[in-house]
Amino acid sequence: MSEWNININANKLKEALEDVALKGKYFDGMASKNSRLSENAYIQCNENGLFICNANEATACLIHLPLSENESISSTSDMVVVDIDKTTKLLKTFNSNVEIKVGDFLAFSDTSINSKMPKVLEHTSTVMINMLIAYFETNSLELSQDDTMKVFRKTTFESKITVLDTEMVEVVEACNIMNLAKYKFEYKENSQELFISSNRSETETFTMIVPTIHTAGQSATVEFTGVFHKFMKGVFQIHLKDDSPVLLTSTNRILVKAPYLRY
């Protein structure tokens, strides 16, 4: 196969890989357990940078890393799958930029370090990942403060809430006293408030209001499970519709989570 190269800040790439791992608490019956989204990350080039992605059957996430002046890629369409833990441990040994040569294997180097590791043959959720990449490339991720609702595949969302990452982390960490990693988002149009709760039963619950920057749309309620709150950075938007996938977007990050439906 033809070789292609990535020259990028090692710490920048390491942090993106750590973020898409989505390590943390996951719902496991009546308690949460430590887990991750998957062990591998999918990296794809485009004209302006790299897509760093991960997914499983219920969650998909994407980070777009734009290239700075001292970074480069020799391809605009190639992709590679990497083991997240092995790659992040290696990237920690580089002080600045790392040159990554992608061929039959991965070669990492700078002026003093040379290292090789095998590629992962494929990602188990490539279809979900390609869906997110296509969405990024065909939709504006501008954080508009208007009443226009986003459409994701067949879902037209009915509410849009703009929040700050630190506010969301504070609320979710408080909800985690329930030790469930199961969260209900409830947006109330009349009060224009977003409530997040974690409920073990009708008599054992925790609910907290999330401070918002802007809200629009109709009331909506969705429950889902697993890590999400530390993935988004800075200001981001939450897109909701009753019992539908939850879409979180910022200018360079996307996270989609399937709803948790009780039968």
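A residue is called buried when its relative accessible area is under 20%, exposed when it is over 50%, and partly exposed in between (1.4 Å probe, protein chains only). By that cut-off, helix α4 (residues 165-175) has the buried residues D165, M168, V171, V172, A174 and C175. The model is predicted: local features need pLDDT of at least 70, side-chain atom pairs count only at pLDDT 80 or more, and totals for chains, interfaces and linings use all residues. Residues are numbered from 1 along each chain as its sequence is written, and side-chain values use heavy atoms, with hydrogens and water left out.

**Helix α4 and its sheet**

- Helices (H or I, at least four residues) and strands (E, at least two) are DSSP runs, numbered from the N terminus.
- The buried residues of α4 pack against β14 (159-164), β15 (182-188), β16 (193-201), β17 (204-210) and β20 (235-240), where contact means heavy atoms within 4.5 Å.
- Four strands form an open sheet in the order β17-β16-β15-β19, with antiparallel pairing; two strands pair if DSSP finds at least two bridges between them.
- β17 and β19 (220-225) are the edge strands of this sheet, each pairing on one side only.
- On average, neighbouring strands of the sheet are turned by 20 degrees against each other, direction ignored.
- Between β15 and β16 the antiparallel pairing runs over 5 bridges, and E186 stands opposite F195 in β16.
- α4 packs on the sheet by touching β15, β16 and β17, and its direction makes about 170 degrees with that of β17.
- For these angles, axes are lines fitted to C-alpha atoms, for helices over the stretch in contact, and the values run from 0 to 180 degrees between N-to-C directions.

**Helix α2**

- Helix α2 (residues 84-91) has the buried residues I84, T87, T88, L90 and L91.
- These residues lie on the same side of α2 because they cover an arc of only 160 degrees around the axis, taken from the directions from the helix axis to the C-beta atoms.
- The exposed residues K86 and K89 are on the face turned away from that buried side.
- At the N-terminal end, D83 caps α2, with a side-chain oxygen 3.2 Å from the backbone nitrogen of D85.

**Residue Q44**

- Q44 is in strand β4 (residues 40-46) and counts as buried because its relative accessibility is 14%.
- Leaving aside neighbours within four places in sequence, Q44 is in contact with G49, L50, F51, S77, D78, M79, N130 and I133.

How values were computed:
A polar contact is a pair of N or O atoms within 3.5 Å; within protein, one must be able to donate a hydrogen and the other to accept it, and residues adjacent in sequence count only if both atoms are side-chain atoms.
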